[in-house]
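Hello,

Here is the structure I promised to pass on. Please open it first; my notes follow below.

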Amino acid sequence: MKKTIITCFILTLLTSCFQQVRNDAENMIEKEPLEIRHYKSDYTPLKAANFVLHLVDTLSQPVKDELTLLYNNMVYVEGGTFLMGDSVTVIADELHTQPMFKETVGSFYICKYEVTQRLWELVMGKADANFKHPDRPMENITWTDGNQFMQKLKQLTGLPFRYPTEEEWEYAAKGGKYSKHFTYPGANEENFEDVIFERENITDNDREYMTNFVGQLQPNELGLYDMGGNVWEYCENDYRPAYNRLPDTGWKTIRGGSYRSDKRRCRPQSRLQWRADKAASQVGMRLAL
């Protein structure tokens, strides 16, 4: 009898706490109905025919082959309108993913894969990753490092590579116009391990706690790999604590979760703030045009 009373008390307390969090979230958004701040890239997306690869003549053949492969791996994403963020009735305690709103993105390109150490080393001369292998994602880089890499990549290819914006990233992770409204990028709860490499996947004693080779799991509706897990991916945007708040200069947004994340962090809506000058083994990048 005593155990039953204690159990009921705990359940009542937990229910009350959750309801309070939800009420606080709703009140915060209702009391400060600021305008949604849309973020647009400084770059105007070009038509497919305008993206022509112009490789520097003095490059070695292996480098030319790798850059040509990168060019062929850029996926065209037709723009459209989608619901961005989370509803407070779904996720009450993650204000940074709220409020949910309609967003429209133009057409753009995004790479099938996260930037690998192979590509980074070919462009930069050296890849100082924590988990070294040419086919693992490049990590241990700052947002600024990524910009320097893209500047060199532009010089070698003639293409205006950049980070995707948050809007583009979430739209692509959700499958763009082909979206099937999955919980995760390309899968639902029952088969999330088919598409996401995060800490619940690393269960065997003979597997080390580290990043996975890129492109080993199933892609999402657009044919994009590792949009959830493996490494967090930098976006072009300064971080906003909520979509109706001003950005925090010096902080950037990262998306997608990593090998160290739980699966909730690997949803398309999930986002975190990250210092532009900070590097870590769980943060990498993906290229856009």
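**What I found**

The chain exposes about 14,400 Å², and carbon and sulfur atoms supply 52% of that area. Keep in mind that this is a predicted model. Of the 289 residues in the chain, 48% are buried.

The fold has 5 helices and 8 strands. From the N terminus the order is α-α-β-β-β-β-α-α-α-β-β-β-β. Among contacts with a separation of 6 or more, 70% join residues 24 or more positions apart.

Next, the cores. The largest nonpolar core has 34 residues. Phe149, Phe161, Tyr234, Met285 and Leu287 have the most contacts inside it. Elements that give two or more residues to this core are helix H2 (61–72), strand S4 (108–111), helix H3 (117–124), H4 and strand S5 (232–239). H4 gives the most, with 5 residues. A second, separate core has 17 residues, including Val77, Phe101, Leu222 and Tyr243.

Is Thr157 buried or exposed? Thr157 is buried, because its relative accessible area is 1%, below the 20% cut-off. A polar atom of the Thr157 side chain lies 2.7 Å from the backbone oxygen of Leu153. Beyond residues up to four places away in sequence, Thr157 touches Val52, Leu53, His54, Leu55 and Leu67.

Best wishes

Conventions
Residues are numbered from 1 along each chain as its sequence is written. This is a predicted model: local features need pLDDT of at least 70, side-chain atom pairs count only at pLDDT 80 or more; totals for chains, interfaces and linings use all residues. Side-chain values use heavy atoms; hydrogens and water are left out. Helices (H or I, at least four residues) and strands (E, at least two) are DSSP runs, numbered from the N terminus. Buried means under 20% relative accessible area, exposed over 50%, partly exposed in between (1.4 Å probe, protein chains only). Contact means heavy atoms within 4.5 Å. Accessible areas come from the Shrake-Rupley method with a 1.4 Å probe; for residues, only the protein chains shown count as cover. A polar contact is a pair of N or O atoms within 3.5 Å; within protein, one must be able to donate a hydrogen and the other to accept it, and residues adjacent in sequence count only if both atoms are side-chain atoms. A nonpolar core is a set of buried Ala, Val, Leu, Ile, Met, Phe, Trp, Tyr and Cys residues joined through side-chain atoms within 4.5 Å.
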